[in-house]
Amino acid sequence: MLEKYKQKRNFSSTPEPAGDVKLAAERAKSAKPDQGLFFCVQKHLASHLHYDFRLEYHGVLLSWAVPKGPSLDPKTKRLAMHVEDHPVEYGTFEGVIPSGYGAGIVMLWDQGTWKPEASDVDAALKKGDLKFTLDGYKLKGSWVLVRTGGRYGSRGGDARSWLLIKHKDDWAGDLDITEFAPLSVKSEGDFEDILAADNPDVWISHRPAAGGEAGAMLAKIIERAAALKAGRAAAAPRATRPASAAKTPRQAKTPALKKTSAKSATSVKPSRKTTAKKARA
C-alpha cells in the first residue's frame, strides 16, 4: 500500500520515514476502530502552502491534501485531494524536506484519534462518503469526507477530488482555526523555528517555492530562521556549550510536547482538552 509513497522519494536525501511493512501489518491486525485510530494534520509549505489530513486505516495513513486547511464552519466545504497512502511513522514527522518531491517545511499542526461513524469503513470509502469523529488538540467533533467526482462519484471528474466538511455540533463555529491556532502541537513553534533547527541556508539559492505567495512566505521564513539560528549561536558561551544547546526565547517559554512513537500512535490522547475557543497552540 506504500508503493506510490516510496516511488516518489529518495530516502538517502529525505528525512521522511520509509515505512516499516511489518509494523504496518501489526497495526492493521491489532487496530480497533471503535476505540479510536490515529489521525494527524501536517501543515506543509512546499510549492504551495497546504494541510495534509491523514487518517490511520489498515496500518497506513490515508491522506488528503487540503489547500486551505480544515474549516470549523459547516457551510464551508474545503477541497481535499486524495494522495498516496503514507506510513504510520509519518504521523509524528516534523522537519525540513531539503529537495525533491514535497521539498519544504512540514509542521505537525494537529494530532489525536478518530473513530468512524459507519460500521463498514471500506464500503464508506468506496462510496465516497466517510463520516467520522475527531478528538484532536484543535479539531474535534463530527466530520465527513465526500468524493465529488471520478469512479463511484456522483459525476465525472477527478477521482482524487473530495470535500472535507465539518458537521454541525458543539465543536463547529465560524472561528478560522488555521489563523487562531497556527503553531505546532509537537514543538509549539512556527515554520521558522523548525527551519532554524535544521539549516536555513540550504534554500538561499534553490528554494522549494521560488515565486508567488508561497515564495514570498518562504523568503520571510528563511530570513527569520537565519536570525533565530544566529541569535542562538551568539547566546551560547563558546567554552561551555555548543550553539545547538541554546534555546530561542519562544522555545524557553514553551517546552516541547513529548514525541509520540509510531507504535503508540493509536493510543494518542491529547494531554490538554483544548476547545475551539482555547485551541491556540
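Me: What makes the contact between the side chains of Asp169 and Lys166 a salt bridge?
Reply: This is a predicted model, and in it the N to O distance between Asp169 and Lys166 is 2.7 Å. The cut-off is 4 Å between a side-chain nitrogen of Lys or Arg and a carboxyl oxygen of Asp or Glu, so the pair counts as a salt bridge.

Me: Why is Lys166 called buried?
Reply: Its relative accessibility is 1%. Buried means under 20%, so Lys166 falls in that class.

Me: And Asp169, why is that residue called partly exposed?
Reply: Asp169 has a relative accessible area of 28%.

Me: What makes Arg27 and Glu56 a link between distant parts of the chain?
Reply: Arg27 lies in helix α2 (residues 21-30) and Glu56 in strand β2 (residues 49-57), 29 residues apart. Their closest N and O atoms are 3.0 Å apart, within the 4 Å limit, so they form a salt bridge. Both Arg27 and Glu56 are buried. The structure holds 7 salt bridges.

Me: How do you know that the span of helix α6 is close to the expected one?
Reply: Helix α6 covers residues 212-235, which is 24 residues. From first C-alpha to last it reaches 35 Å, against 34 Å expected at 1.5 Å a residue. Buried residues in α6 include Leu218, Ile221 and Arg232.

Me: Which residues touch the most other members of the largest nonpolar core?
Reply: That core has 45 residues, and Phe53, Trp64 and Leu134 are among those touching the most other members. Helix α6 gives the most to this core, with 5 residues. Beyond its neighbours within four places in sequence, Leu134 is in contact with residues including Phe39, Trp114 and Trp143.

Me: How confident is the predictor in the chain?
Reply: The average pLDDT is 82, and 79% of the residues score at least 70. Over residues 152-156 the pLDDT is below 50, and over residues 243-278 it is below 50 as well. Where pLDDT is low, the predicted coordinates should not be read in detail.

Note on methods: Residues numbered from 1 in each chain as written. Predicted model: local features only at pLDDT ≥ 70, side-chain atom pairs only at ≥ 80, totals over all residues. Heavy atoms only, no water. Helix = DSSP H or I, 4+ residues; strand = E, 2+ residues; numbered from the N terminus. Expected span 1.5 Å × (residues − 1). Buried < 20%, exposed > 50% of the residue type's maximum accessible area, 1.4 Å probe, protein only. Core = buried A, V, L, I, M, F, W, Y, C linked by side-chain atoms within 4.5 Å. Contact = heavy atoms within 4.5 Å. pLDDT = per-residue confidence, 0-100.
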